[in-house]
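Subject: Handover of a structure and notes on its contents

Dear colleague,

Please find below the structure that I am handing over to you. My notes on what was found in it follow directly after.

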Amino acid sequence: KYVQKLKTVVTDAWGNGYLVADKLVRHKLKHDKHDPTCLTWNELKRIMQKKFYHARLERIRDFFVFACFTGLSYGDLTTEDFELKNDENDWIDKDRGKTCVNAQILFSAIPHLIVEKYKNERRGNELLPIRSCQKTNAYLKEIAVLCGINKNLTSHVARHTFATTVTLTEGVPLESVSKMLGHTNTVTTQIYAKVVNSKLRKDAAAWNAKMTGIENEFNLQNQ
């Protein structure tokens, strides 16, 4: 990211005659690929079922669980600029702050419970009364230790968990998950699809079940 910004400045300087040559014009940017960290159902349930004796940790836990079931990022949770629609179910209709792309998310039972729990504590235009991103991530590290989760827990892990464990693993199509996450295209969402091995096994098992009996249609002649 730093080199990318530097290239922009150098190219602009060269184009305006401040530099005699663009020394970075042939430099090819490379991005290290890594799989996003997400929680399994077992790990997520451990956090949901844990009883915390400090209100600060309980509040951060609730925020994290809310994000796990909506896919909203920290920045999206600090504003209330969304429309709640209903067509047998409640839906969040919101433009994501990062990309300004519209996201449509099913507002399920757990997010409803959490919003109701903190409805009298919200400040200004916040959807939930949460701490700064730095404090939130620091407290999430404590929660990970208390719940026996050996992963680097951050606020963004909740979004990854929504994309993988809560939706893709449970059979929600990639295109629908992309729309719920507010991605500009499904290419970005494909990153999550690659790490859902349990989804692959589940789909393969379902396909194999459908193939049961097909062997009876095969006339396998003895050689």
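**Helix α3**

Helix α3 is built from 14 residues and reaches 20 Å from its first C-alpha to its last, close to the 20 Å expected at 1.5 Å a residue. Please bear in mind throughout that this is a predicted model. Helix α3 is mostly covered, with ten of its 14 residues buried. These buried residues are L57, I60, R61, D62, F63, F64, V65, F66, A67 and C68.

**The chain as a whole**

For orientation, the secondary structure of the chain amounts to ten helices and three strands. Read from the N terminus, the order of the elements is α-α-α-α-β-β-β-α-α-α-α-α-α. The chain has 223 residues, and buried residues make up 37% of them. It exposes about 14600 Å², of which carbon and sulfur atoms supply 53%.

**Aromatic pairs**

How many aromatic pairs does a search of the whole structure find? The search finds two. One is formed by W41 and F69, whose rings are 6.3 Å apart from centre to centre, with 50° between the planes, and this pair is tilted. It links distant parts of the chain: W41 belongs to helix α2 (residues 41-49), whereas F69 is in the loop between α3 (55-68) and α4 (74-77), 28 residues apart.

F63 lies in helix α3 and Y74 in helix α4, so the pair ties together parts that are eleven residues apart in sequence. Both F63 and Y74 are buried.

**Helix α5 and P111**

P111 is a residue of helix α5, which covers residues 109-117. With a relative accessible area of 0%, P111 is buried. Leaving aside residues up to four places away in sequence, P111 touches F66, F69 and T70. F69 is thus both a contact of P111 and a member of the tilted pair with W41. The C-alpha atoms of P111 and D62 are separated by 9.1 Å, although the two residues are 49 residues apart along the chain.

The buried residues of α5 are P111, I114 and V115. Seen down the axis of α5, they fall within an arc of 100°, so they line one face of the helix. Exposed residues A109 and L113 are carried on the face of α5 turned away from its buried side. Helix α3 is included in what covers the buried residues of α5.

**Helix α6 and its surroundings**

Helix α6 (residues 133-146) contains 14 residues; from its first C-alpha to its last it reaches 20 Å, close to the 20 Å expected at 1.5 Å a residue. Its buried residues are T136, N137, Y139, L140, I143 and A144. Viewed down the axis of α6, these residues fall within an arc of 165°, so they line one face of the helix. On the face turned away from the buried side, α6 carries the exposed residues Q134 and V145. Helix α6 is followed by G148, whose phi is positive, near 70°.

Which residue has its charged end over the ring of Y139? It is R56, and its charged end sits 4.7 Å from the centre of that ring.

**The loop with G182**

G182 is found in the loop between α8 (174-181) and α9 (186-193). Is G182 buried or exposed? G182 is buried, with a relative accessible area of 0%. From C-alpha to C-alpha, G182 and I105 are 9.2 Å apart in space, and they are 77 residues apart in sequence.

With kind regards

Note on methods: Residues are numbered from 1 along each chain as its sequence is written. This is a predicted model: local features need pLDDT of at least 70, side-chain atom pairs count only at pLDDT 80 or more; totals for chains, interfaces and linings use all residues. Side-chain values use heavy atoms; hydrogens and water are left out. Rings of Phe, Tyr and Trp (its six-membered ring) pair if their centres lie within 6.5 Å; planes under 30 degrees apart count as stacked, over 60 as edge-to-face and the rest as tilted. Helices (H or I, at least four residues) and strands (E, at least two) are DSSP runs, numbered from the N terminus. Buried means under 20% relative accessible area, exposed over 50%, partly exposed in between (1.4 Å probe, protein chains only). A charge sits over a ring if NZ of Lys or CZ of Arg is within 6 Å of the ring centre and within 35 degrees of the ring normal. The expected span of a helix is 1.5 Å times one less than its number of residues. The arc is that of the directions from the helix axis to the C-beta atoms. Accessible areas come from the Shrake-Rupley method with a 1.4 Å probe; for residues, only the protein chains shown count as cover. Contact means heavy atoms within 4.5 Å.
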